[in-house]
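Trainee: Walk me through this model. I want to know what stands behind each label.

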Amino acid sequence: MREADGGLGHVFISVLMRDLTLAFRHRGELANPLMFFVMVVSLFPLGIGPAPSTLAEIAPGIIWVAALLASMLALDAMFRTDFEDGSLEQMALSHHPLSVIVLAKVLAHWLITGLPLLIVAPLLGVLLYLPDNAMVVLVLSLALGTPVLSLVGAIGTGLTVGLKRGGVLLSLLVLPLYVPVLIFGALAVNDATAGLNVTGHLYLMGALLVLSIALSPLATAAAIRVSIG
Amino acid sequence: MLIAARDLACERDDRLLFSDLNFQLAAREILQVEGRNGSGKTSLLRIVCGLALASSGGIYWRDQPVERVRTDYLGQINYLGHHAGVKAELTPLENLRFAQALTNPRRDVDLGAVLGRLSLRGFEDVPCRMLSAGQNRRVGLARLLVSDALLWVLDEPFTALDRKGIADVEDIFLEHVQAGGIVILTTHHTTRLDGCTVKVIDLSAEVPGP
């Protein structure tokens, strides 16, 4: 009787499935962050020149910066429509913890906007002559890093969702918090290119991920309560 | 006494909307909040739900301040605001299923029958953006019937409904009240809620305009 027990797991799954359904009914918007990511990265060889050594050197930074911007571009949509049609109020009025609902929404958001980046990243790596031995680290660092971007971004989005034009404020709020992820992510890929040991960087990113999974939903829930109050 | 408001005051942008507002409701009672536009009806309902904070005073649920029994209290509330929380991309059935997951679901509810009761039969699988404003309102109101909550807080529930819709919804309110529930609503519409206690507060009378 999972359906009827109304437990936390059931709410989590319901929110997750609902958000995924909504995303798939807006297939056009679904591809936006991915298109942005691919376009930005593929413009660099045109702007800088096709020399493999130059491209390989800047590849980790380009891919990471583009992934970061693509993920930030998608942030605003996380709570926007739910705020506008009153769904967010209904979620805040549920007797289930808002933080669990928020975590489900962020997971759905990451599956839609973050996961595709992971899948395309190796392809873009090839485009930029990234050495083969760095590919795995590139995907691993993005797998650990992009969820952090979504989770941290959710706090800023929750705070600015009540504002008509919160875009600039949102970037100002979350960019400083994105910087550590960018530094360790790009550094890990760089070191992997040079054949160095990168477990330290990846552990640190794992720690950031665990920290943000634990704390970000609570902060986001509080931010949403402020925004709808 | 199930729910009581004690010495509520509400300010918006340095303007006092109401102050020293008191009411208490027992089971089987309806509170109708009246007042001109901008007199604070919606603000009052949002304070009752805990979505907004009162400048002073508080809401008590079974004689406990709601901040202390928050989870219990939220499990007993069903709120319908100006924006009904109906997702335009989802069908009425999907909307209802999600609403059910968020609340304390009522046992053994037939979602098809609930939608039928609000004249939405035949529209179960049509995305809500294809439905009219009145039909979307009905989808929002259908949520009331799938949850077990005692306290219904409704902001202008009759908006966009046709005459038959209004009568249907009034019947649903009466049924809920007779089953021991409470309804708090704002409306400009003269209701036909006979056979139960209807208390009225008029917010226009609280603070004379500047």
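Mentor: Start with burial. A residue is buried if 20 or more other C-beta atoms lie within 10 Å of its own, exposed if 12 or fewer, and partly exposed in between, with C-beta atoms placed from the backbone. By that count, buried residues make up 46% of the 229 residues in chain A. In chain B they make up 41% of 210 residues.

Trainee: How are residues and chains labelled, and what confidence is needed?

Mentor: Residues are numbered from 1 along each chain as its sequence is written, while chains are lettered from A and ligands numbered from 1 in the order in which they are written. This is a predicted model, where local features need pLDDT of at least 70, side-chain atom pairs count only at pLDDT 80 or more, and totals for chains, interfaces and linings use all residues.

Trainee: How many helices and strands does chain A have?

Mentor: Chain A has twelve helices and zero strands. Helices (H or I, at least four residues) and strands (E, at least two) are DSSP runs, numbered from the N terminus. Chain B has six helices and nine strands.

Trainee: Why is helix α1 of chain B called largely enclosed?

Mentor: Eight of its nine residues (41-49) are buried, so the rest of the structure largely encloses α1(B). Among the buried ones are B:K41, B:R46 and B:C49. Just after α1(B), B:G50 takes a positive phi of about 90°.

Trainee: Why is α5(A) called roughly antiparallel to α9(A)?

Mentor: Helix α5 (residues 52-73) and helix α9 (residues 115-127) of chain A pack at an angle of about 150°, with their axes 11 Å apart. That makes α5(A) roughly antiparallel to α9(A). Angles under 35 degrees count as roughly parallel, over 145 as roughly antiparallel, 65 to 115 as roughly perpendicular and the rest as oblique. Axes are lines fitted to C-alpha atoms, for helices over the stretch in contact, and angles run from 0 to 180 degrees between N-to-C directions.

Trainee: Which residues make the contact of α5(A) with α9(A)?

Mentor: A:A59, A:I63, A:A67 and A:A70 of α5(A) touch A:L117, A:A121, A:L124 and A:G125 of α9(A). Contact needs C-beta atoms, placed from the backbone, within 7 Å. These residues divide into seven nonpolar, one polar and no charged. Ala, Val, Leu, Ile, Met, Phe, Trp, Tyr, Cys and Pro count as nonpolar, Asp, Glu, Lys and Arg as charged, and the others, Gly among them, as polar.

Trainee: At what angle do α9(A) and α10 pack?

Mentor: α9(A) and helix α10 (residues 132-160) of chain A pack at about 150°, with axes 9 Å apart. That makes α9(A) roughly antiparallel to α10(A).

Trainee: How many residues does each chain bring to the contact between chains?

Mentor: Chain B brings 23 residues and chain A 22 residues. The side of chain B that touches chain A has 14 nonpolar, seven polar and two charged residues.

Definitions and conventions: Contact = placed C-beta atoms within 7 Å.
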